[in-house]
Amino acid sequence: MTDPSQYVRQREKGARDVSYPPAPEPLTVPVYDNHAHLEIEDGEVGLSLTEQLERATAVGVVGVVQAGGDIDSSRWSAWAAASHPQVLAAVAIHPNEAPAYADRGMLAEAIAVIDELAAQPRVRAIGETGLDFFRTGPEGLPAQYESFEAHIDLAKRHGIAMQIHDREAHDEVLATLTRVGAPERTVFHCFSGDAQMARIAADAGYYLSFAGNVTFKNAQNLRDALAVMPRERILVETDAPFLTPAPYRGRPNAPYLIPATVRFLAAELDADLDEFCAQLAANTLAVYGAFEETP
């Protein structure tokens, strides 16, 4: 694709409610969405990137880390970050995409593209990368491991953060990070483990990013993990357009809904909302650096 700005994907609508939820009450202290896929259109009418950012700003969400998962979405992410001061990019080959590239003999070539994109100044993370034992069978695991280790190396060589996708692979992700050596700033995007794993992550200096599923009734493991994490290692994200917080589960998600998750997290921690927002913002900047360049 010659013009990455024209890339777009459509989320399958099915029988779910595809109306966007109402905007929450704005936050007084601004925060950031640490992981979103804004190249994926959802809803009755898809929102443009500009509309997404305007809605987010109106409720106190002043920046978004846009994450890629293949060559095209990573190029779009880099373009979005270069074109919009509210956006920073993460680029990677998703673990479920790695076997497909490997089957075509293109995994090394795809990783080389990510390496090239990672050199851009507003690409601040390698992600999302990791291991997924849910969607990929045993035959695809060698490609996942090869890709994950290559991405770890990219994050370290470029001196940027890494966003991990970990689905039903907790022990192996942790073991790989220990064996290979984790980047200085390692984030478990949409953390899905439990309190025991959270303690291991905290001891290793990793960050946990919580998405809207922390509000789901069946997600006590996430709330238990939140309770044991140091405040300076907590991040918040949407994973938009997925994982819309309760009571809007299943409807389109977007960065403007971050305040709903932030308020839930603060209540779970019995934290002052403004102080918690300030901590979340500081954590984001510590991981990814400033969004807007100072003159």
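1. Salt bridges. The predicted model holds seven salt bridges, a salt bridge being a side-chain nitrogen of Lys or Arg within 4 Å of a carboxyl oxygen of Asp or Glu. Residues are numbered from 1 along each chain as its sequence is written. Because this is a predicted model, local features need pLDDT of at least 70 and side-chain atom pairs count only at pLDDT 80 or more, while totals for chains, interfaces and linings use all residues; side-chain values use heavy atoms, with hydrogens and water left out.

2. Arg16 and Asp42. The side chains of these two residues meet in a salt bridge with an N to O distance of 2.6 Å. Arg16 lies in the loop between E1 and E2, and Asp42 in the loop between strand E3 (40-41) and helix H1 (49-58), so the bridge ties together parts that are 26 residues apart in sequence. Helices (H or I, at least four residues) and strands (E, at least two) are DSSP runs, numbered from the N terminus. Asp42 is buried at 0% relative accessibility, whereas Arg16 is partly exposed at 22%. Here buried means under 20% relative accessible area, exposed over 50%, and partly exposed in between (1.4 Å probe, protein chains only). A network of salt bridges links Arg11, Arg16 and Asp42.

3. Arg157 and its two partners. Arg157 forms a salt bridge with Asp115, the closest N and O atoms being 3.3 Å apart. Asp115 belongs to helix H4 (residues 107-118) and Arg157 to helix H5 (residues 141-158), so this bridge ties together parts that are 42 residues apart in sequence. Arg157 also forms a salt bridge with Asp153, with 2.9 Å between the closest N and O atoms. Asp153 and Arg157 are both in H5, four residues apart, about one turn of the helix. An α-helix has 3.6 residues a turn, so residues three or four places apart point the same way.

4. Helix H5. This helix has 18 residues and reaches 26 Å from its first C-alpha to its last, close to the 26 Å expected at 1.5 Å a residue; the expected span is 1.5 Å times one less than the number of residues. The buried residues in H5 are Leu141, Ala143, Gln144, Ser147, Phe148, His151, Ile152, Leu154 and Ala155. They cover an arc of only 165° around the axis, which puts them on the same side of H5; the arc is that of the directions from the helix axis to the C-beta atoms. The buried residues pack against helix H3 (98-103), H4, strand E6 (123-132), strand E7 (161-167) and helix H6 (170-180), where contact means heavy atoms within 4.5 Å. Gly159, with a positive phi near 70°, follows H5.

5. Aromatic pairs. A search of the whole structure finds six aromatic pairs. Rings of Phe, Tyr and Trp (its six-membered ring) pair if their centres lie within 6.5 Å; planes under 30 degrees apart count as stacked, over 60 as edge-to-face and the rest as tilted. Tyr20 and Tyr256 form a tilted pair, at 6.3 Å centre to centre and 50° between the planes. This pair links distant parts of the chain, 236 residues apart: Tyr20 is in the loop between strand E1 (9-10) and strand E2 (31-36), and Tyr256 in the loop between strand E10 (234-236) and helix H9 (258-269). Tyr20 and Tyr256 are buried.

6. Tyr32 and Phe291. These rings form a stacked pair, at 4.6 Å centre to centre with 20° between the planes. Tyr32 lies in strand E2 and Phe291 in the segment after helix H10 (273-288), so the pair ties together parts that are 259 residues apart in sequence. Tyr32 is buried at 13% relative accessibility, and Phe291 is buried at 5%. Elsewhere, ring pairs link Phe188, Phe191, Tyr206 and Phe210 into a cluster.

7. Backbone geometry. Most residues other than glycine have a negative phi, and most peptide bonds are trans. The peptide bond from Ala240 to Pro241 is cis, with omega near 10°, and the bond from Ala246 to Pro247 is cis, with omega near 10°. Asp270, in the loop between H9 and H10, has a positive phi near 55° and is exposed, with a relative accessible area of 72%.
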